There are 2 protein chains.
Amino acid sequence: MKIAVDAMGGDYAPEQVVLGAIDAVESYDYDVVLVGDETKIRQVLKKYGAKESERLAVVHAGEVIEMGEHPAQAIRKKKDASIVVATRLVKEGVCAAVVAPGSTGAAVTAALLGLGRIRGIERPCIATPIPSKKGITVLLDSGANSDSKPKHLVQGAIMGTHYAKYILGIGEPRVGLLNIGEEASKGNELAQATYPMLEKVKTISFYGNVEGRDITEGKVDVVVCDGFVGNVILKFAEGIAMFIIQLVKEAIKHGGFIAKLGALAVYPALKKLGKRLDFTEYGGAPLLGVDGSFIICHGSSKAKTIKRAVRVAGELVDQDVVGHIRSSIEEGEQYDSES
Amino acid sequence: MKIAVDAMGGDYAPEQVVLGAIDAVESYDYDVVLVGDETKIRQVLKKYGAKESERLAVVHAGEVIEMGEHPAQAIRKKKDASIVVATRLVKEGVCAAVVAPGSTGAAVTAALLGLGRIRGIERPCIATPIPSKKGITVLLDSGANSDSKPKHLVQGAIMGTHYAKYILGIGEPRVGLLNIGEEASKGNELAQATYPMLEKVKTISFYGNVEGRDITEGKVDVVVCDGFVGNVILKFAEGIAMFIIQLVKEAIKHGGFIAKLGALAVYPALKKLGKRLDFTEYGGAPLLGVDGSFIICHGSSKAKTIKRAVRVAGELVDQDVVGHIRSSIEEGEQYDSES
């Protein structure tokens, strides 16, 4: 199976992206097609002594979407942008999935225009795996949409359930609605309207409302919220992870002798802790609801994240998550499509 | 100055609340009136060898609002509830401020019914101080409202500015609008409508949009968002703080000998770190916009938080934050009151 990787996406492209791809083909059974400026990509391959092959190919794309560009306009204008070409390779059946580091907006637009939506899904969602005390909680939508309606959250709950089932291996994933209290009557208009609809969906296991603290507690396996809230939460977590690292550094710098020695001894563990809280480390988040396997990676992704993202992309295809979502939606979920 | 403290509020009432009050009158120039079941309060005072005095008085209230009760209904029904009596003491001029641990919903309702709103303020906001790399960032609304309109966010920006100016001592507080991107065009409908209104307010220093990670970065001094988002964020942070403590405990338990020794040596520092991230530790959050000084404390507040909350309440009165908000709003802020 071939995974198309946008080699020009993100802050550390193409070097870190190419490095991650080299590592991925060595570690997994998935092949990678690097899409982007072929000269630059080949320079990196040469630098690290890697050879182009059946398993690690290069497809040229002459344009790049820059972080500052208006995503939708740029995607429409630049037909030869690396992310557009990578998506086309999936549409045309050459590749099975896309790995897209960089601008989330550009990735979502490229996926929507290039692959289309699964019939019946109005708003694709970004599903982000978050570490919890009990394992992994999937948060969606974490930023594909900024104004969600109740039915979009319901569709998110269905898609998140399939992701948790087939990728995380959870038999009957519990779905929680992110809210400001446990009672069904709590919350803003969106949450209040979504609650009774989620209760009616037969193919999900609806737990009820969950609060912010329940995400890392691992009370449920899937947490649904609108994309504005999800995005704010994830970026806030990112900030906290950076803050922890700084506080620990300060403790080492200004602590007493014992504390300093102790802190130095546990520093590697603490850095790992910071990374465990840095949800951007988890190898990308699938964009669920588009008609193809599509993984979005943070703009700051380095080689390890890209490598992991290739694996997640391969697993999405292996487990046919898109197919499961398609049948589930086609079979007709029980929710009020007027909301 | 007398501060009315609801001695029956929160998970550790009355013992921890009374203990915090004892400590507060010993540490600060503020007097405390403990409101609640006088027998229970006196038992705690006796247990810790504290005496009733001019500086530490007891006012009986025969009822309590339980955490599970519907806040608005309970407050209307129980005229002799400790939180209702405490608020009445401020309305009648006996006390200068209220400290209310426990149910946020009950506290907000008690304050609204007992003190009323400042003329021109439609929705009071909870302003929560959050530690950042540069000091403190005030987040509001952190949960008084669940559906905010643009004008409510604008009023929050004005009130947060006064809080940052007079309580945190920041000369010209920068205000950021919490959003999912920096550009003015970003965000959900609420954020998009609020942005141009904030630009027009002459008495605040509007920085523009900020993202989740900018809160702990300390990019601005005041962050405005709707109460649903604010509440979710704060509870998420609470969850992360608890998660950190657990991860460190695990590292101590399962780490190698050196890591174990090191972790034990830095454990106190790490626990402090967890607490620094536990924003509920900051001595309560003022409910701004009601016509009186009112501090809400987390339900899990222990003595130290109560003690700090008494100080914050006293400072709110000393600095006449309510008066500053009142004049600022009366002088007529420049925002579209139709939104």
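A residue is called buried here when its relative accessible area is under 20%, exposed when over 50%, and partly exposed in between, with a 1.4 Å probe and protein chains only. The structure on screen is a predicted model, in which local features need pLDDT of at least 70 and side-chain atom pairs count only at pLDDT 80 or more, while totals for chains, interfaces and linings use all residues. Residues are numbered from 1 along each chain as its sequence is written, chains are lettered from A and ligands numbered from 1 in the order in which they are written, and side-chain values use heavy atoms, with hydrogens and water left out.

**Stop 1: the cysteines of chain B**

Select Cys125(B), which counts as buried at 4% relative accessibility.

**Stop 2**

Helices (H or I, at least four residues) and strands (E, at least two) are DSSP runs, numbered from the N terminus, and two strands pair if DSSP finds at least two bridges between them. Colour the strands of chain B and follow the order β3-β2-β1-β4-β12-β11-β5, an open sheet of seven strands with mixed pairing. Because β3 (56-60) and β5 of chain B each have a single partner strand, they stand at the edges, with one side of each left without a neighbour in the sheet. The partner at the β5(B) end is β11(B), joined in the antiparallel sense over two bridges, and there Cys125(B) stands opposite Leu288(B).

**Stop 3: helix α5 of chain B**

Now select residues 104-115 of chain B, the twelve residues of helix α5, which reaches 16 Å from its first C-alpha to its last, close to the 16 Å expected at 1.5 Å a residue (that expectation being 1.5 Å times one less than the number of residues). Which residues of α5(B) are buried? They are Ala106(B), Ala107(B), Val108(B), Thr109(B), Ala110(B), Ala111(B) and Leu115(B), and their cover includes α3 (71-77), α4 (82-91) and β4 (97-101) of chain B. At the start of the helix, a side-chain oxygen of Ser103(B) comes within 3.4 Å of the backbone nitrogen of Gly105(B), and after the helix comes Gly116(B), whose phi is positive, near 75°.

From here, step to Thr87(B) in helix α4 of chain B, a residue buried with a relative accessible area of 1%. Counting heavy atoms within 4.5 Å as a contact, and leaving aside neighbours within four places in sequence, Thr87(B) is in contact with residues including Ala110(B), Ala111(B), Leu115(B) and Phe294(B).

**Stop 4: strand β11 of chain A**

Move to chain A and select residues 285-288, strand β11, where Ala285(A) and Leu287(A) on one side and Pro286(A) and Leu288(A) on the other are all buried. In a regular strand, side chains alternate between the two faces of the sheet. On the β5(A) side, two bridges make an antiparallel pair, with Cys125(A) opposite Leu288(A). Towards β12(A), there are also two antiparallel bridges, and Ala285(A) stands opposite Ile296(A). The hairpin of β11(A) and β12(A) has four residues between the strands, and Gly289(A) takes a positive phi near 110° there.

Key. A polar contact is a pair of N or O atoms within 3.5 Å; within protein, one must be able to donate a hydrogen and the other to accept it, and residues adjacent in sequence count only if both atoms are side-chain atoms.
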